[in-house]
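Trainee: Please take a close look at a single part of this model. I would like one connected account.

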Amino acid sequence: MASPAKAALVAAVALVAVALEVGLVGANFRDDCDITWEPQNAKMDEGGNHLTLSLVSNSSGCMLRTKKQFIFGSVSTRIKLVKGNSAGTVTTYYTSSIGDNHDEIDFEFLGNETGQPYTVHTNVFADGVGQKEMQFRPWFDPTADYHNYTIFWNECMIAWFIDSIPIRVFRNYSAQGVPFPTRRQMYAFSSIWAAEDWATQGGRVKTDWTKAPFVAEYRDINLQVCDCATSGGGAARCPESCASPANWYAAPDLCQLSKAQLRQMRAVQLGYTIYDYCADGKRYNGTVPPECSMQQY
């Protein structure tokens with residue numbers, strides 16, 4: 001039988017997905033976010049629950065950022081990716097701190113030519129150190145309908161979910177010298193931008209700008225996080241209570257996935273992984289980073 005804490009995580013992820021399906025969320029793009037880059041390329045309707053971001057040229061995309069900063073918890077949205085020939089485009093949903101030696105947790109969706117699948121790119125940065133990439137082929141058409149993308153983050157681990165299915169876990173091995181984000185508050189971001197030099201088949205396939213604008217659609221946003229208040233000087237401070245084990249996301253039993261979630265994740269990784277930095281010995285001259293030999297699940 002699942003423990004209460006484990007059941008809470010499963011229920012929280014499922015509840016986010018259900019809530020987003022019917023639009024019953026406590027946040028929306030209009031009230032809780034700002035367009036920080038090329039606002040003319042963003043459109044909102046349905047009371048701020050529906051958002052489009054457009055890429056209109058090689059230098060004119062769009063970016064949205066939450067008003068609040070936070071640390072730990074769960075951030076979710078639903079996305080319908082660019083239809084048709086999306087080669088050279090990158091659509092994102094991620095969290096990031098601001099400033100030097102930043103922390104970041106990524107979902108990036110690399111477009112492709114018509115009829116070829118997207119690449120779901122995941123990565124994590126801590127203290128400015130990244131290069132922890134895993135990439136997947138989606139097992140569904142991400143342009144035909146909305147799909148829920150969730151980042152769960154606590155002091156034990158980061159987990160990436162698609163439609164409540166975990167696809168990856170990155171554990172906290174900072175005690176063993178592996179950087180892990182625990183000290184910097186983050187914003188949540190959504191964006192679309194041009195990267196034809198590398199995004200599609202290593203840059204071999206370029207963007208067909210006659211197809212512009214390239215439009216990604218977002219529906220609803222859910223932030224179940226510990227807010228970091230902004231002081232009068234503009235700097236955000238996270239309350240000490242964010243690290244309290246009393247928080248739902250900090251329960252000790254939430255330091256690993258349930259057995260059912262592990263089965264789901266292993267099935268996804270077995271069938272749909274196309275790149276794993278831990279399997280790329282050539283990149284590291286015959287070795288791999290230390291966390292690759294440590295249990296992640």
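Mentor: Start with Arg-65, which lies in strand β4, residues 62-66. Helices (H or I, at least four residues) and strands (E, at least two) are DSSP runs, numbered from the N terminus. This is a predicted model, in which local features need pLDDT of at least 70, side-chain atom pairs count only at pLDDT 80 or more, and totals for chains, interfaces and linings use all residues. Residues are numbered from 1 along each chain as its sequence is written, and side-chain values use heavy atoms, with hydrogens and water left out.

Arg-65 has a relative accessible area of 24%, so it counts as partly exposed (buried is under 20%, exposed over 50%, partly exposed in between; 1.4 Å probe, protein chains only). Now its contacts (heavy atoms within 4.5 Å). Leaving aside residues up to four places away in sequence, Arg-65 touches Asp-32, Cys-33, Asp-34, Thr-36, Ile-98, Tyr-187, Ala-188 and Phe-189. Take Thr-36: 29 residues separate it from Arg-65 in sequence, yet the C-alpha to C-alpha distance is 6.6 Å.

Next, the backbone. Most residues other than glycine have a negative phi, and most peptide bonds are trans. Glu-38 is not a glycine, yet its phi is positive, about 50°. Glu-38 sits in the loop between β1 (33-37) and β2 (42-45). Ser-164, also not a glycine, has a positive phi of about 75°. Its loop runs between β11 (157-162) and β12 (165-171). Ser-164 is partly exposed, at 21% relative accessibility.

Last, the peptide bond between Ala-212 and Pro-213 is cis, with omega about 5°. Pro-213 lies in the loop between β13 (187-194) and β14 (214-230).
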